[in-house]
Amino acid sequence: MIWANQLIQGVLLGGYYALLACGLSFMFGVMRIINLAHGSLAVVAAYGLFVLAQRWDVHPFVGLVAVVPAMALFGWILHRLVLDRSARAGELVPILSTFGLAIVLDNSLFEGFGANTRSLAPYIDTLAYDSWTLPGDIILGQLPLLTLAVAVALLAGLHLLLARTALGRRIRAAAQDPETAQLVGVNARTVYAASTAIAMMTVAIAGAFMAMRATFDPYTGPQQLIFAFEAVVIGGAGSLWGTLVGGIVLGVAQSLGAQIHPQGFLIAGHVVFLAILLARLYVSYGIRHFIRSLRRGPA
Amino acid sequence: MTTQPYTAPFAVQRWTSASIAAVGLVLAAQLLLALGPLLLSANLVDRLTTLFIYGILALMWNALAGYAGLVSVGQQVFFGLGAYAAVRLADAGVSAYPALLLGAVLVAGVSVPVSAFMLRLRGGEFAIGMWVVASLTHMLVNLDTLVQGETGTSLIALQSYSADDRRAYTYWAALATMAVLAWLVFFMLRGKVGAAAQAIRDNEGAAASIGIRVLPTKRLIFVLSAFGCAAAGALWVATSITFQPKTYFSVQWTAYMIFMVLVGGIGTYEGPILGAILFFTIETLFGGTGVAYLIGLGATAMLFALLLPRGIWGAVEQRLGLQLLPIGYRLMVGAADPERGGAAAAATTSATAVAKGASR
């Protein structure tokens, strides 16, 4: 029964990873940029909510009303000042510039807030630990369930945005072929800036849930980036629903790993990530090779 | 109208009097530095050892990113493994200094299977993929009972040397490693491998289409870089004696490498050396300010990536046509005598020209 419980906790944890990863996946899908400051930006949003809650007693969910637009604005500026320029300078430059940004953000947070670990859990009443108990002593935390629901809602929202709206059409056009999109009147630069802003809105929400479910400190960002990246790659880079699957696979692996060994949480996550990467590289190659040999065979 | 054949006098050159003088100076400086422990104060010897280790890291990251186009944010995996291998080997009875070298060789061996599938990832995926490998390796090293988790351990075998001997030996080991790797990279880049790697960096598909063997070339540089970073880690453990996994597998090391290479000049041979000296100077002056110093490093790296992507040496090379340690060839147009040709007409070989040279 303990394994069933771990499995369910893993799925719920996966909801958080999907939430964290959807902005990363979205930006990669649209601009082919992997934003190495992704995790650090989620931590920035968390500190924003923390300051609102601590100073002015603003409930984190209310605080999001201010933090989400602020992060969107930040995303727009980020694209205009950093991403746009570096993407034009070459494929590898965004990696370097966003890595530099992450170092600046992490250490600035340390300068401003010190090394103390913080959490938003004290500011959300009993939601932090409220739960339902299912038969077999399986505990369903309300916050993890809410996280999973928000992740699904956000992914569905992004999907609808891309599939149904005018902005979504422009984003898809600019993602496929910016030059041609430009010819038919889509301003690729503006569309990319808007996409970055949208990604940062999801990052703000992810930061809120990160801070409610656990503690964070100025150097939490890089670890969150790695989790988000693993979820994106496991699920298939750039695919939104794949990100949900990827997050859940990662969450389940970590949760089961933790049951096996005290250090197993991180190790299992990384191992599953690398195993899936390896399998995708070799199995897909093997299958292609096999199909080619079949085609060649009869002729 | 018939096209006139281009008849302006031109010459292709590699060596200039300036570069011959520079290579001579570098050799002389290296020989002079070898006398360091006999002449300099203990503190200065320690500081120079640190500088040499930074030099190794910068050279290795530049060979990887600047020449093979492989941006990795996980090179700390080899730095940490190099230190860990040295500690493990010393514990098994190998004497301390041979353990440093043997450790680096073993890590280079480990990097071969790692390269087999990491090199199939592209761009940003390779970059963070390496970070995941580093993180996983860190966790696995923590499981070793010798290391005792984050508590760490020490390179106790070094106790058999007196403090002065240890300082001098570590200094010489660091200097020799840096010099050997620097000359190795120099001659490698001047040869077929360098031309092939740069062609791959600039356009992998085009490089493959003219017959460059993409994967073996990348692998060679990846393994070399792993060896260099491992040697640097092993040397670092020889200077600081304690081995704490958290410090050695920290992404900070890669941040330092990126800073040195970006500021000095990515994809230039002289750049990372300049970057290492600059970083060393900045650290000596501002390292005590802690966090503000790290913010400055990150911001500087970001600004260089955005505004001066070829770094300081790249700008110098472009403006003055100066190549002190010549890797490429230069086309001197309109100059019968290349020595008087003037820098303005000099052009370092373009990627395609280099690629043609490599295609055999």
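Helices (H or I, at least four residues) and strands (E, at least two) are DSSP runs, numbered from the N terminus. The structure is a predicted model, in which local features need pLDDT of at least 70 and side-chain atom pairs count only at pLDDT 80 or more, while totals for chains, interfaces and linings use all residues. Residues are numbered from 1 along each chain as its sequence is written, and chains are lettered from A and ligands numbered from 1 in the order in which they are written.

By this assignment, B:Arg88 has its place in helix 4 (residues 76–91) of chain B. A residue counts as buried if 20 or more other C-beta atoms lie within 10 Å of its own, as exposed if 12 or fewer do, and as partly exposed in between, with C-beta atoms placed from the backbone. B:Arg88 is buried, because 20 other C-beta atoms lie within 10 Å. Along the chain, B:Arg88 and B:Pro9 are 79 residues apart, and their C-alpha atoms are separated by 62 Å.

Chain B as a whole contains 16 helices and five strands. Of its 360 residues, 47% are buried. Two residues are in contact if their C-beta atoms, placed from the backbone, lie within 7 Å. Among the contacts in chain B with a separation of 6 or more, 78% are between residues 24 or more positions apart.

Chain A has 11 helices and two strands. From the N terminus on, its elements follow the order α-α-α-α-β-β-α-α-α-α-α-α-α. The radius of gyration of chain A is 20 Å, close to the 19 Å given by the globule rule for 299 residues, so chain A is as compact as a globular protein of that length. The radius is taken over C-alpha atoms, and the rule is 2.2 Å times the number of residues to the power 0.38. Along the principal axes, the C-alpha atoms of chain A fill a box of roughly 65 × 50 × 35 Å. Buried residues account for 50% of the 299 residues in chain A. Of the contacts in chain A between residues at least 6 apart in sequence, 74% join residues at least 24 apart.

Within chain A, helix 1 (residues 2–31) and helix 9 (residues 221–235) pack at an angle of about 70°, and their axes are 8 Å apart. Axes are lines fitted to C-alpha atoms, for helices over the stretch in contact, and angles run from 0 to 180 degrees between N-to-C directions. Helix 1 and helix 9 of chain A are therefore roughly perpendicular to each other; angles of 65 to 115 degrees count as such, those under 35 as roughly parallel, those over 145 as roughly antiparallel and the rest as oblique. Helix 1 contributes residues including A:Tyr17, A:Leu24 and A:Phe28 to the contact, and helix 9 contributes residues including A:Phe227, A:Phe229 and A:Val232. By class, this contact has 11 nonpolar, two polar and no charged residues. Here Ala, Val, Leu, Ile, Met, Phe, Trp, Tyr, Cys and Pro count as nonpolar, Asp, Glu, Lys and Arg as charged, and the others, Gly among them, as polar.

Helix 9 of chain A also holds A:Gly235, which counts as buried because it has 25 C-beta neighbours inside 10 Å. Apart from neighbours within four places in sequence, A:Gly235 is in contact with A:Gly242, A:Thr243, A:Leu244, A:Val245 and A:Gly246.

Between the chains, 35 residues of chain A are in contact with 34 residues of chain B. On the chain A side, helix 3 (60–89), helix 4 (93–113), helix 9 and helix 11 (264–296) each give two or more residues. Helix 4 of chain A supplies the largest share, 13 residues. This side of chain A has 24 nonpolar, seven polar and four charged residues.

A nonpolar core is a set of buried Ala, Val, Leu, Ile, Met, Phe, Trp, Tyr and Cys residues joined through C-beta atoms within 7 Å. The largest such core has 208 residues, of which A:Ala45, A:Ala204, B:Leu57, B:Ala86 and B:Ala230 touch the most other members. Helix 8 (residues 188–213) of chain A gives the most to this core, with 17 residues. Beyond its neighbours within four places in sequence, A:Ala45 has contacts that include A:Val67, A:Met71 and A:Ala204.
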